[in-house]
Amino acid sequence: MLKATDLCFRYGSFELKNINLNIEKGTFTCICGSNGSGKSTLARLLGGALEPKNGSIECDALRGLVLSNPDNMFVNPTVEEDVAFGPENLGRTSEQIRQDVDRALELTGMTEYAKQRISTLSYGLKQRVAIAGALAMDARYLILDEVTSMLDRQGSDMILALILDLVKQGKAVVLVTHNTPRRICRFGCHHGQRKDCCKRQTSEDSEPEGADGQMCPQTALHYKNCRQTQTERLSDQFRGHNTGPA
Amino acid sequence: MLRRLHPLTKLLLFILLAVLVFFEKNPSSLILTLAFLVFCAAKGEIPPAKLIRNYRWMIFALIIGIVASTMVPAARLCLLLIMSSVLNITTTPTEIAYAVGMIVPSRDFTMMVSISLSFIPVLAEEASRISDAQKSRGAKRTRAAVATVVPLFASAFRRASDLADAMTVRAYGTTARPSRLNTPHFTKTDLGAVIFTFCYVAAVIFVEVI
């Protein structure tokens, strides 16, 4: 379980305060919010790239973080070399790294691009490479920060389909997005996502609100898993503590 | 064949040849070096056009060298550029970083070299984009150049910050001796390349002395 307790972070006039989250394995969680509401900061905190000022993050397995602009994430020039970067840092043997890389590329559907230079790939494929990089480390929790924001409809659908596949395989995926959960919900519905695949969670034990869940009853649970209610609360918190110019 | 050589062999031979060029005063030895580089390019399956594509101004440098009677320094410069092209085309930044890592056993230094090399084209593209944006907003040539530098630095720092975060979450620095997916090995080809290069060096020294 990835558990954030009373998470606080501050830089300049911006402040995240008392964030509580509970992410279980095999669940799909959406963190939605407007620009500047602190979604990316929260993603980096959950991913382990930033240290919280107060509060704690407990995690029982490896976490992977994918940023919105994959171009800023690549260390090596070719697909397989970059995907291998994480396992190499963990000191695994060459054989293990080869297995990890092959598995991650297969999961993300990138096997045929293994030897290709990343600079020659489309944006959607680059996002897949970035996700493969996290999967190669055997990350059980994937925190994806606006991975669909710079993609067209087709590229976005490709990534969402991959996310749903990963959830089915038992990974916990946290998608930070400013897309409406309704769209993600419809996508899941269209691709036959099962209701019980996602487990509803809220940071506080209250029912998620909003008409969208009723509008799309087939994936109501799936939608409820998207954290609209919680995000609204988070936004309220940010609004209260953002003292800088609007 | 040149692409299959161990990166360390290529890097050390490149340094040797670069140093040697500065001691060449005889036009015959310069021509010999050019012939050697053409042979290397052929072995590296590099089309001649690709070799000099980015250095078309070399022709002007040579003409100016002839006019100003400074042919030898101009020719040396051109040979150095061709040499670095051969190395860059046949060796990836990762391989160069690996070779540097064998000389300077510091993981951070190696990573710094690797990232610097791979970020050069990215920053060049970014600079071009920012410059175009400034020109479209009416900035004159000189002003556009100045107005490009500040956003370029800001962008570079943002990229560096993102990359640092990405590397942190991908366990960079957790082990003192990280492993590798593909470890290059020295082969007989490397030995052949070293012997061949030393023969060439002996020939150049012979021409210079005679």
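## A walk through chains A and B

Let's start with strand 6 of chain A (residues 141–145), which is mostly covered: 5 of its 5 residues are buried. Buried here means 20 or more other C-beta atoms within 10 Å of the residue's own, while 12 or fewer counts as exposed and anything in between as partly exposed, with C-beta atoms placed from the backbone. Strands (E, at least two residues) and helices (H or I, at least four) are DSSP runs, numbered from the N terminus. This is a predicted model, where local features need pLDDT of at least 70 and side-chain atom pairs count only at pLDDT 80 or more, though totals for chains, interfaces and linings use all residues. Residues are numbered from 1 along each chain as its sequence is written, and chains are lettered from A and ligands numbered from 1 in the order in which they are written.

Back to the strand. In a regular strand the side chains alternate between the two faces of the sheet. In strand 6 of chain A, A:Tyr141, A:Ile143 and A:Asp145 point one way and A:Leu142 and A:Leu144 the other, and all are buried.

What flanks this strand? Strand 5 of chain A (residues 63–66) runs parallel to strand 6 of chain A and is joined to it by 4 bridges; two strands pair if DSSP finds at least two bridges between them. Here A:Val66 stands opposite A:Leu144. Strand 7 of chain A (residues 172–177) is also parallel to strand 6 of chain A, joined by 5 bridges, and A:Asp145 stands opposite A:Val176. To get from strand 6 to strand 7 of chain A, the chain passes through helix 6 of chain A (residues 153–168), a right-handed β-α-β crossover. Right-handed means that, with the strands pointing away from the viewer, the path from the first strand over the helix to the second runs clockwise.

Chain A also has an open sheet of 3 strands, in the order 2-1-4 with antiparallel pairing. Its edge strands, each pairing on one side only, are strand 2 (14–23) and strand 4 (54–59) of chain A. Strand 1 of chain A (residues 2–11) pairs with strand 2 of chain A over 7 bridges in the antiparallel sense, and A:Ala4 stands opposite A:Leu21. Helix 1 of chain A packs on the sheet, touching strands 1, 2 and 4 of chain A, and its direction makes about 130° with that of strand 1 of chain A. Such angles run from 0 to 180 degrees between N-to-C directions, with axes fitted to C-alpha atoms, for helices over the stretch in contact.

Now for the partner chain. In all, 31 residues of chain A are in contact with 24 residues of chain B, contact meaning C-beta atoms, placed from the backbone, within 7 Å. Helix 1 (39–47), strand 5, helix 2 (79–83), helix 3 (85–89) and helix 4 (94–107) of chain A each supply at least two residues of the side that touches chain B.

Within chain B, helix 1 (residues 7–21) and helix 5 (residues 71–90) pack at about 175°, with axes 10 Å apart. Helix 1 and helix 5 of chain B are therefore roughly antiparallel, since angles over 145 degrees count as that, under 35 as roughly parallel, 65 to 115 as roughly perpendicular and the rest as oblique. B:Phe14 and B:Leu17 are among the helix 1 residues of chain B that meet helix 5 of chain B, where the residues include B:Leu80 and B:Met83.

Notes. Contact = placed C-beta atoms within 7 Å.
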